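Reader: Can you walk me through this one? I'd like the overall picture, then the details.

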Amino acid sequence: MWDFETDPEYQKVLDWADEFVRDEIEPLDLAFPHQQFMPLEGKRREVIDPLKQEVRRRGLWATHLGAELGGQGYGQLKLALLNEILGRSQWAPIIFGCQAPDTGNAEIIAHYGTAEQKQRYLEPLLNGELFSCYSMTEPHAGADPTMFTTSAVRDGDDWVINGWKFFSSNAATSSFLIVMVVTNPNVSAYQGMSMFLVPTDTPGVKIERNIGLYGEQAGQGSHALIHYDNVRVPGEALLGGEGQAFVIAQTRLGGGRIHHAMRTIGLSRKALDMMCERALSRQTQGSRLSDKQFVQGYIADSYAQLVQFRLMVLYTAWEIDKYNDYKKVRKDIAAVKVVMPTVLHDIAWRAMQVHGALGVTNEVPFLGMVTGAAVMGLADGPTEVHKATVAKQVLRDYTPADGTWPSEWIPAKREAAHAKFADYLEHEVGNL
Ligand SMILES: Cc1cc2nc3c(=O)[nH]c(=O)nc-3n(C[C@H](O)[C@H](O)[C@H](O)COP(=O)(O)OP(=O)(O)OC[C@H]3O[C@@H](n4cnc5c(N)ncnc54)[C@H](O)[C@@H]3O)c2cc1C
């Protein structure tokens, strides 16, 4: 069966979510900007908790994890359809309990955590009562994790962590950090690195500064430079087995990347919606912008890019559900990651241009989207690295040609075709 329709029951759910996000959640982005990852206190809790409660009541809370991992078991395809709605708003993923980086962090604890770790970290994380941080990148190395030097050394039953981590998002408001460190420098990095669950208030965890993205006020950034200075954790803090960090990271990042892509569909669609409305609303030189061929080109290109990207994301989500193994879907997750920044950038940029001067102001969201596109080209690994992954995976299905000429070389194929149809060709020629 091959079908592009959403089942009517789930479509009703999506319709509700769409209205709920537009009416109840998008206003939070303006009333409480950049506060999604701050602990809920006072008045904010009074506003936020009932919204989360409504999402729970409708069975849409934390739909990113399968039933076997303690989630709702919606699967990635249904999550994609929901996430593309949530992607319109900064607050929406929080209200639905499926925000990055907590989704990916929850996923690896669900997969690799002990019963005690799940009780201590996963349950409150899934309940939306605390935030988490994934602390992997180092100041001198990001795209190549084999260069990481932060280490953990055994001391009796404990481990002692030393080193520096960079761009650990939300560390300042997190309750715990998942840290990737070298535990055995004598073997390859793929066998010698491990992950630890470290409560953020452990002595020796020193947030040196919080780096902001362009446009954010100094001091308001949420990406931490952390000095792990003799951080002592018990043996039970190890996540998964010793030396398993790379395997765990692939689980962590596979889910994280596709979820970003799902939300990016929503954000790109918001830019396209705004572009179309503006094109229909604005007059210049005797006609509407929507009558100008340049602008029609912007709209057509944006629509086509968005539809292609969306189908790619939905197909990849379907594959994840089918195989239940990120490794089998690695090529397509990487391809989605490669395409994502360009789609968001191009559509947001055109929408910005169509809005004229207003487009570059802080009264419309376009420059934030363009920055967001740049972030998507780096966070969870740079585009170049993912392109290399796609190419390597694609090349696996090919072999070199025999001899000098390509296997599709026409002279050889023609000769073979003539040989195949020799009787017929001789007859035809004889009748000429
Ligand atoms: C908003 C944001 C949030 C983030 N959150 C987190 C987080 O929570 N936790 C965390 O651990 N990290 C986080 N990161 C860090 C992110 O994972 C890294 O920035 C990324 O892996 C790239 O590492 P780098 O910045 O050190 O760049 P580098 O590794 O120095 O690479 C720089 C550039 O070199 C080029 N390049 C690198 N490798 C190759 C290659 N193999 N082939 C060709 N060109 C190459 C690319 O152009 C790349 O952009 C975040 C980053 C951003 C922007």
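Predicted model: local features only at pLDDT ≥ 70, side-chain atom pairs only at ≥ 80, totals over all residues.

Reader: How many helices and strands does the protein chain have?

Author: The protein chain has 15 helices and 10 strands. Its C-alpha trace spans about 95 × 65 × 40 Å along the principal axes.

Reader: What share of the residues is buried?

Author: Of the 432 residues in the protein chain, 39% are buried. As for contacts with a separation of 6 or more, 72% are between residues 24 or more positions apart.

Reader: Now the ligand. Which residues come nearest?

Author: There are 21 residues around the ligand, and M136, G142, A143, S169 and P382 come nearest.

Reader: Which elements supply at least two residues of that shell?

Author: β1 (132-135), β3 (158-169) and α13 (383-395) each do. In terms of domains, domain 2 (132-239) and domain 3 (246-395) each give the shell at least three residues.

Reader: And by class, what is in the shell?

Author: The shell around the ligand holds 12 nonpolar, seven polar and two charged residues.

Reader: Different topic. At what angle do α5 and α8 cross?

Author: The axes of α5 (residues 102-112) and α8 (residues 245-281) cross at roughly 145° and come within 8 Å. That crossing is right-handed.

Reader: Which residues make the contact?

Author: From α5 they are T103, G104, E107, I108, H111 and Y112, and from α8 they are I248, T251, R252, L253, G255, G256 and H259.

Reader: How do those divide by class?

Author: The contact of α5 with α8 has four nonpolar, seven polar and two charged residues.

Conventions. Residues numbered from 1 in each chain as written. Near = placed C-beta within 6 Å. Helix = DSSP H or I, 4+ residues; strand = E, 2+ residues; numbered from the N terminus. Nonpolar A, V, L, I, M, F, W, Y, C, P; charged D, E, K, R; others polar. Domains from an automatic or database assignment. Buried ≥ 20, exposed ≤ 12 C-beta atoms within 10 Å, placed from the backbone. Contact = placed C-beta atoms within 7 Å. Axes fitted to C-alpha atoms, helices over the stretch in contact; angles between N-to-C directions. Left-handed = near helix turned anticlockwise from the far one by under 90°.
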